[in-house]
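Here is a short walk through one protein structure. Keep the sequence and the 3D view open while you read.

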Amino acid sequence: MKAIDYYAGVTIPDLGDKALDVAVIGSGSFGTAMAHNGHRVTLYGRNKAALDAMKETRINSRYLPDAVLSDRLNYTNDIGEAVRGKSIVVFAVPAQTFRQVSADASKYLEAGTIVVNLAKGIEKNTLKRMSEVAEETIPQVRYVALSGPTHAEEIVMNAPAGIVAASVDPEAAKFVQDAFMSEQLRIYTQDDMVGVEIAGAVKNVIAIATGISDGMKLGSNARAALMTRSVHEIKRLGLRLGANAETFSGLAGIGDLIVTCATDLSRNRRCGLLIGDGLKAEEAVEKVGSVVEGYYTADAVYDLAGKLGVEMPVCMATRAVLKGEIAPDKAVRMLMSRSKKDEVQ
C-alpha cells in the first residue's frame, strides 16, 4: 500500500509570531500530529539512520508506514539540540524509559519549560506515576500529561479525536490546549493528575485481558463484562490515591479504556489476542514488535495494589497469565468462580 498524505488539501494555519518551537522526544508516531498545527517541530530519535530515512522519504516506515509525514518536521539525534530553547517539549517514550530519557534532557531544559508526557504507565521498581518521576528528574519544568482515546495511526490520518491535558498547573494545561487543539483534535483540560495517570496506566493491563478473552473466542459478552468490571478496579485504585471519581467516566477513563480494549490498533490488545490464541506472553510481546506497556505495568499494578490493599482481580489474573503462573482458561475460571458480590462493591 502506498503511503497517503492525509493533509493534502488541508489548510495549515499560519500562526505568525504565535508559532511555537516544539520538540518531540521519541521518533515513534504521535509527534507527527503536532507538526500540522503550524508550529516549528523538531523530532528527536537516537537512530540517525532512521531519522535520515524519514527526512528523505517523509515516511516513518516502522511505526506509520501508511502515512506521509509533514514536510515541516525537523529531525535530530542530539537531545540537547532538540530541547534547548523550546517552548514545549513532548516526551513520547515508553513509561519504563522515561526516567532515563528525561534525566538526559534535564540539563538542557530551561526553568518553566512546558513538558508534555504521552507515556501511560507506572514505573516498575518505584511504583511511581510518570509525574512523580518527572518531579525527580526534571523538577524545573511545568508538567502536563496528555491522555485519552487517541491512536497515532488515526491522528496522522487527520481523523477527529478528543483528549485530555492534565496538570496541577492549570495555566500549563491551558497553554497545551491552545497550542495543539485544532478542528480535528479537541483537547479538554483537567487538574486530576492522579486519576488521569492511573486510568492511562491500568487500562493497558485491561486491554491485554480483553485481548486474551477475544483470542480465546469467549465472545462480546465476556469482553463487555471484563471492561465494565475493570472500570471498578481502576476507580478503586485511583480513589485510594486521591483521584477524582468523575475522571474515570471521562476521556482519560472510560474513553481510553474503550479504544484500547476494543480496537486492533492497540498493541496491548494485540498482545492479548496472541496469548489467547496460544502463544506465551514473551512470544506475544516479541511478535507485536513494539512496546507493550501493559506487559510491564502489570507487575507495577500488582505491587501497588498489594501495597495499598486494593482488590483488583482482573489485573491480578492478567498478571498471573503474563508471568506464566496460570493458563488463560484457569484465569477465566478463577474470575468466574469468585464469591458473590454486590455490583457497586
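This is a predicted model: local features need pLDDT of at least 70, side-chain atom pairs count only at pLDDT 80 or more; totals for chains, interfaces and linings use all residues.

**A walk through the model**

Residues are numbered from 1 along each chain as its sequence is written, and side-chain values use heavy atoms, with hydrogens and water left out.

R58 sits in the loop between α2 (48-57) and β3 (74-76). Helices (H or I, at least four residues) and strands (E, at least two) are DSSP runs, numbered from the N terminus. Most residues other than glycine have a negative phi. R58 is not a glycine, yet its phi is positive, about 60 degrees. N158 also has a positive phi, near 60 degrees, and is a residue other than glycine. Its place is the loop between α6 (152-155) and β7 (161-166). N158 counts as buried, at 18% relative accessibility.

Now turn to the interior. Nonpolar side chains tend to be buried together in soluble globular proteins. A nonpolar core is a set of buried Ala, Val, Leu, Ile, Met, Phe, Trp, Tyr and Cys residues joined through side-chain atoms within 4.5 Å. The largest one here has 44 residues. V202, I206, I234, L237, I275 and M312 have the most contacts inside it. Helices that each supply at least two of its residues include α8 (193-215), α9 (220-240) and α14 (313-322). α8 gives the most, with eleven residues. What does I206 touch, not counting residues up to four places away in sequence? The list is S230, I234, L257, C261, V314 and C315, where contact means heavy atoms within 4.5 Å. A second, separate core has 27 residues, among them L43, I114, I155 and I187.

Finally, follow α14 to its partner. α14 and α15 (residues 328-336) pack at an angle of about 160 degrees, with axes 9 Å apart. Axes are lines fitted to C-alpha atoms, for helices over the stretch in contact, and angles run from 0 to 180 degrees between N-to-C directions. So α14 is roughly antiparallel to α15, a term for angles over 145 degrees. P313, V314, A317 and V321 of α14 meet P328, A331, M334 and L335 of α15.

How values were computed. Buried means under 20% relative accessible area, exposed over 50%, partly exposed in between (1.4 Å probe, protein chains only). Angles under 35 degrees count as roughly parallel, over 145 as roughly antiparallel, 65 to 115 as roughly perpendicular and the rest as oblique.
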